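Here is a short report for a first look at this structure.

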Amino acid sequence: MSCYKKIINRNFFFLIISLSLFLVNNNLFAQDGEALFKANCANCHKPDEDYTGPALKGWSARVPDKEWIYKWVANPAQVIASDAYAKSLFDKWKPTVMTAFPNLKKEEIDAIMKYVDNYKPAEKKDAAAGAAKDDSADNSLLYGILFLILAVVAFILLQVNSNLRKLTDDKEGVYRGEPVPFYRNKTYLMTGILILFALGGYYTINGAINLGRSRGYQPEQPIYYSHKVHAGTNQISCLYCHGGAQDSKHANIPSVNVCMNCHMSIKEYKGDPIVREDGKQVNGTEEIQKLYKYAGWNPETRQYNPDNNKDGIPDGASPIEWVKIHNLPDHVYFNHSQHVKVGKVQCQTCHGNIQEMPEVYQFSDLSMGWCINCHRESKVDFFNTSTGEGNKFYSIYEKFHKDLKDKKMDSVTVEKIGGTECQKCHY
Amino acid sequence: MSNKKYWQSFGELNHTDAFKQTSANEFKEDLLPVEEISNEGLVLNKTPRRDFLKYLGFSTAAAAIAASCEIPVRKSIPYLNKPENVTPGIANYYASTYINGGDAISVVVKQRDGRPIKVEGNERSTITNGGTSAQAQASVLDLYDTTRLRHPLQKDGSVFKEVSSFEAIDNMVRKALDGVGSKPLFLLTPTINSPSSIEIINEFIAQYPAGSKHIQYDSVSYSGMLLANEACYQKKHIPSYQFDKAKTIVSLGADFLGTWLSPVEFSSQYAVNRKISDKTPTLSKHIQFESILSLTGSNADDRYTHRPSETGAIALALLAKLGGSVSAPAITDAHLAKGIEKAAVELRKTPGESLVVCGSNDVNIQIIVNAINETIGANGKTINHDISLNYRKAIDAEMESLISAVVSGNAGALLIYGCNPVYDYKEGKKLAEAIAKLPLSISFNGTLDETSEQCKYIIPNHHWLESWGDAEPKTNSFSLIQPLINPLFKTRAYQTSLLKWKKQSVSENARSSDRDSSSNRKPANVEGVVGDYEAYVRQYWIKKLGGDESLWNKALQDGVVDFPVSSTTTVYNPSPLSEASSKAASIKGGATEIVLYQKVSIGNGSQANNPWLQELPDPISKVTWDNYAMVSPTLAKTLIGIDVVNNQRQADAYEVTPEKPVINISLNGKSVELPVLIIPGLDNSTIGIALGYGRSSADANQSLDRVGKSATGAGKNAYPLVGFDGTGYSYSSVVTVSKTSKLYPLAQTQVHGFYENRPVIYETNLSSYLKDPKALLEEPRKEKDILLADGKKDYVKDGTMYPDHEKPGIKWGMSIDLNTCTGCSACVVACTAENNVSVVGKIQVQKAHEMHWLRIDRYFTGDPKNPDVVFQPMLCQHCDNAPCENVCPVAATNHSSEGLNQMTYNRCIGTRYCANNCPYKVRRFNWLDFTGSDSFSNNQEPLRGTELNESVFQMNEELTRMVLNPDVTVRSRGVIEKCSFCVQRLQESKLEAKKQQNPALVRNVKTACMQACPTNAISFGNVNDKESEVSKARSNENRNFYVLEQLHVLPNVSYLAKIRNTDRHVGALEEHAEGHAEGH
């Protein structure tokens, strides 16, 4: 019997593994197209509706032949000059011309197009996630109530116990003094004081630690800018606006001219209603008008205001004074490019699901413990001497290479290369 | 007499009681600051508990209030239209040129988010090879000087009124210039080596009446050399010197490594033959004759002192010994005579590879020096007359003629740019009155300095970091200037003013059309931002480069342009020699003579309001914030009756207190009162006085605002003691001296750190080194062996009970070559600029609270009358077995896996145990809130004047703080700080290497001190990498030592022992023998 069980188990195990591998494989392929689409196309195209450029779904029915799309992506200007369909596209979307992507390979274009054709609008997953969250909250409440009930039961049992003991003592003729009421019982009082002290201390210290931390900080911004609309619905790559994240220590808030790259043509908001946390609805079109004011752009004439006072900027234009959300103390050095480019950390790891936030709030508490934890757990892209994979910089760590070879360690964490030392962040 | 081989003070030399006491105390403060409140100490005090509760209550309440406040809302404001090449958080670098008077050094400036914050040398320069000076390093702070004028001014009676626009002031000036009439106009500038500016100036002057002239005036003049070369070579110029080709160098008082002509260039050349490796153990020979102890003299192999008035006689004697047909006056001092003899022998040993330079401004002496150089075949070899050095071109007689024209009222107008004659001319007061009386006087100076104060109109010039321009420091070696920042204030290039004021002509119209074309290229925004001189320079250079704009852009990017120099034969004319020698022989001496010299920090005084330079300790005297009368111990005995060598009590009384006796020095009715500073190695009848100090407005109450918070009160003005001998200014004269009863405090840093008699320097002479190279470091080797008992072998692992730290990837290390470190202190200022090191002011330096992360220790050794000097840069040694790390109660200082001794400011609670336990004394404690970075903004205010000098407040102005490096934390009160090996640069280089996936890229990293060094004395890099610079330097095993390595602290900074090319016994070998003899 037990033998059968084992076999079944083993088979089942293999079944699961192969099944999951198959699923993952499929997934990987689909994701590839998705990633490429988001990185290259999503700034101007959506799969299922017109945007700065046309909706891409159903492309194969519209274009003359499959080769056409390769030529078009590699050099749109050339195709416009020679092809009637391309000319009609150009006339329709004037003056915007598609950017050329000569570096995209045919397979990559295929992957993008496959992704576009199979695209289905994202389903609402929020409900399920919310339910799961509620569960965990329920549990702690449950434990709390259980603890209280048990405490009361223990208290009653103790009282009963002492009363019973008194009764037996009386019976056996052992004299005991009058019972002390529980509120004057020194043991109880001491226990109570100790519990209060521990709880008070815990909350005071926690409170003190949290001074200056502002997890969940979600200030009012001068423009109601929705990351959900931009990064979520429209799938604009984070680095399109926050390009500093891969080059500089600062991710950088985009300058107004970057906003205007798209918003010269996107004049009104037509998507799903944007609802604030307090339930009020935001008029997206009005917010875009605010941007035009900052940029000194006249949407009627589709031109920047004249520069009459010769200061190099259109009259009436002024930079947007965003409220900074993620504040690190002055004595902390943090470099975005280190994490994004070298560490290949996803933006969401620290900033949360930005693509689902209507208005951004601080997702992580940005405390030192939080940083250190991640540094302890994260593995570096360590150089593999046999396959040549990984970051070649780490080829100089001879000792670790030897230890890996001798199986003394299985991977190199950030901590191992000094990522938890003081002067990595404080200097 | 002495059992100490290397000493910093006479107290240390004689091992006096006071010295023992001061060196036993780590901090000058005996008590905790709390106990200042009561006199009885914390334990004996009647109410310590109450006080404790009070402080506890207050601090809890304060913390609670501070904490309960809302977190301030911070704004993040992106660009409206981001410039393509600016990414916030990433520094840009642009090539430009540091300009100060005639000085020009090619530099690369680091610009961070639009602000220039650091100056580095330009490695493409064939002149400096990437070296810089302390002054060039500090000049970025001058950009943010609060005394800079913010708009043009017009003098109305005795008040200055703002002129609203450049058009308005142009109209006023044009009208005034038209009214000059027939009297000549003068333009007074320092040496101008900008070819385009010279063109503009000449065109401008040409339209004014006959006699109008552009006069160049250098506050420290080289007129004697110019005239001597005119007499001998028919060329009124200074030739190019090539110290790198000289195997024997004799200097007659020329401080060519510190302040003479082009010290950065000369240091770089000098170092070529001073680098000695195990493979090629050769050295050049450097003999110095001088009256005071200069930076160059300190580096000499052999040094002889003499009276300033004897310079001519020595030059003649040297010429005679070399076979010149001159009759030399007898040299009475036998030692000096022997020195001259020796110099002649050495010079003859290396024909064609010898060089004699002389610092005198006496044309006759320079003619004799020219004759010497002809005799030893230097001309064409180590001296190149085809290439002129254009740093100094002023002829003193011309300045004198200008003065007489101005004083007699024969000048119609005086335009002044870039010089401050009211301050630095010998009769400044007289000149000030005369300028005030002139019908028209215009100043282009950037501040309301002593001269501008007297002028009618002031149109402030840009700082060089805001300017366009060019410079030709050497013939056909050009260096370009481009702005790093839009002008901060309403200032304008003086060249633009001259162009605008030129009377209209055809060429002017042509030029204004050029201007229009340039404004198409780059929109002219605010008036004065992109002015006419920019267009002029651009046109000028595009034409010079053959009409190709891309070449101009490349030239700007490189910062330097070199054109080939055609070689001609220079004919030497010996005829002036006989007259010159008879004149030089007849120079009369006196009982007491002075030498006016410049310091490497303050120079001629134009950067006197730079707190970084003021706080930079002079390499020789280690004094900050002041000048003084530098005298030898023997002269001190006669002048003030203090014998520091033989009388211990007097030595202690003199050395321990900062108050020094003041003497009065007078010449021709002008006198200066200065404190006496006793320094060994000076001539016994010579007083050395530094120029460049004692800046002050005519109305002393205005000085803080006009001259500046740092310049005001720093030292005395010694320019009135400059003499004039009919052809040139003389910086040495016979004076009368009298003692006063006054005392004056000097803030000296030299005796603030001691090593408890442990040897820190190893040195020997060349012949001993060649005989037995291993003997040099025998002593530390033996001491190390003592630690290794029981036949253990591995000093690193077996010499301690602590475990060994692993350095799996990179291990940073530094090597400093004591042979090529000249003590010029550029590194100290570079470190200050890079790491936001605080300025603490004179009062705090007196209390040994200076904050420099890198100091240069100066040691005397040998004969106390004429000692050798050794400089040793001392910084955190980043010990692998660090004594400081073990004693920190909060682990605020600990070790990294890359060998760095890390200091975490926000964890430090200020116990100072680490500083106490540091054998190198390199840890600095923030005694006060020097940076004003605490939460409470005005907590420095109660200390103003009593504890904190005005200069500290100057550093905390909003404007001045723009110089701070945003990548380095600004430290607040109560924490220890120290050298971090420029960890921000190390991290940046590692990040770049990781991004590029190329570990070899970390070889490019340079610490600030290393990058500033003109002699490449500092190497840095990854010790685990055998190809790195530091590994290569350390491969010189015979000279490689670690300071105090016998303590088993395992430092990560190594030094290369000093080798002197002399016959005398120097260094530790002799000390060893002596020590044994005395039973040590």
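In chain B, 73% of the contacts with a separation of 6 or more are between residues 24 or more positions apart. The model is predicted.

**Chain B as a whole**

The table collects the overall values for this chain.

| Property of chain B | Value |
|---|---|
| Helices | 37 helices |
| Strands | 44 strands |
| Box filled by the C-alpha atoms, along the principal axes | roughly 90 × 80 × 65 Å |
| Residues that count as buried | 55% of 1080 residues |

How does the radius of gyration bear on the shape? A compact globule of 1080 residues would have a value near 31 Å. Chain B has 29 Å, which agrees with that expectation.

**A helix pair in chain A**

Two packed helices are described by the angle between their axes and the distance between the axes. In chain A, helix H12 covers residues 256–263 and helix H13 covers residues 284–295. Their axes come within 10 Å and cross at roughly 130 degrees. The crossing of the two helices is left-handed.

Which residues make the contact? H12(A) brings Val256(A), Cys259(A), Met260(A) and His263(A). From H13(A) come Ile288(A), Leu291(A), Tyr294(A) and Ala295(A). By class, seven residues of this contact are nonpolar and one is polar. No charged residues take part.

Notes. Residues numbered from 1 in each chain as written. Chains lettered and ligands numbered in written order. Predicted model: local features only at pLDDT ≥ 70, side-chain atom pairs only at ≥ 80, totals over all residues. Helix = DSSP H or I, 4+ residues; strand = E, 2+ residues; numbered from the N terminus. Rg over C-alpha atoms; globule rule 2.2 N^0.38 Å. Buried ≥ 20, exposed ≤ 12 C-beta atoms within 10 Å, placed from the backbone. Contact = placed C-beta atoms within 7 Å. Axes fitted to C-alpha atoms, helices over the stretch in contact; angles between N-to-C directions. Left-handed = near helix turned anticlockwise from the far one by under 90°. Nonpolar A, V, L, I, M, F, W, Y, C, P; charged D, E, K, R; others polar.
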